[in-house]
Amino acid sequence: QVQLVESGGGLVQAGGSLRLSCEVSGRSSRGYGMGWFRQAPGKERELVAGITIGSTANYADSVRGRFTISRDNAKNTVFLQMNSLKPEDTAVYFCAAKYMALVTSTPDYWGQGTQVTVFS
């Protein structure tokens, strides 16, 4: 069984930065496509960024150029560096994992989520 635990969320002013971390336990993260989703109040959960087993990254158009996803398999951790934050980035951010596949397909595992609030 894989557990995902997010950290790093918080309250930040527009234009600021946050770095989210997702620690993977129970299995090595090496065999998993990983990603970050977010869900704002009243909206559907959406994929923000994904990273393949080979560390190829992909991004939603709304965050491309501002967010960077990375992974450190030695530490079983995935990161989301968020720069130039906007109020519309306010959401609960979830880490997700998919065994041997892109996380854009239905993830196998989810974290509990971490709140990111951006104020203007």
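## Ground rules

Residues are numbered from 1 along each chain as its sequence is written, and side-chain values use heavy atoms, with hydrogens and water left out. As the model is predicted, local features need pLDDT of at least 70 and side-chain atom pairs pLDDT 80 or more, while totals for chains, interfaces and linings use all residues.

## The disulfide

There is 1 disulfide here, counting a pair of cysteine sulfur atoms within 2.5 Å. Cys22 and Cys95 form it, with their sulfur atoms 2.1 Å apart. Cys22 sits in strand E3 (residues 18-25) and Cys95 in strand E9 (residues 91-99), so the bond ties together parts 73 residues apart in sequence. Strands are DSSP runs of at least two residues, numbered from the N terminus.

The S-S torsion is about -80 degrees, so the disulfide of Cys22 and Cys95 is left-handed. Cys22 is buried at 0% relative accessibility, and Cys95 is buried with a relative accessible area of 0%; buried means under 20%, exposed over 50% and partly exposed in between, with a 1.4 Å probe and protein chains only.

In E11 (residues 114-119), Thr114, Val116 and Val118 make up the covered face, and Gln115, Thr117 and Phe119 the uncovered one.

E2 (residues 10-13) runs parallel to E11, joined by 4 bridges; pairing takes at least two DSSP bridges. Gly10 stands opposite Val116. E9 runs antiparallel to E11 with 3 bridges, and there Tyr93 faces Thr114.

## Ile53

Look for Ile53 in the loop between strand E5 (46-51) and strand E6 (57-59). Ile53 is partly exposed, at 34% relative accessible area.
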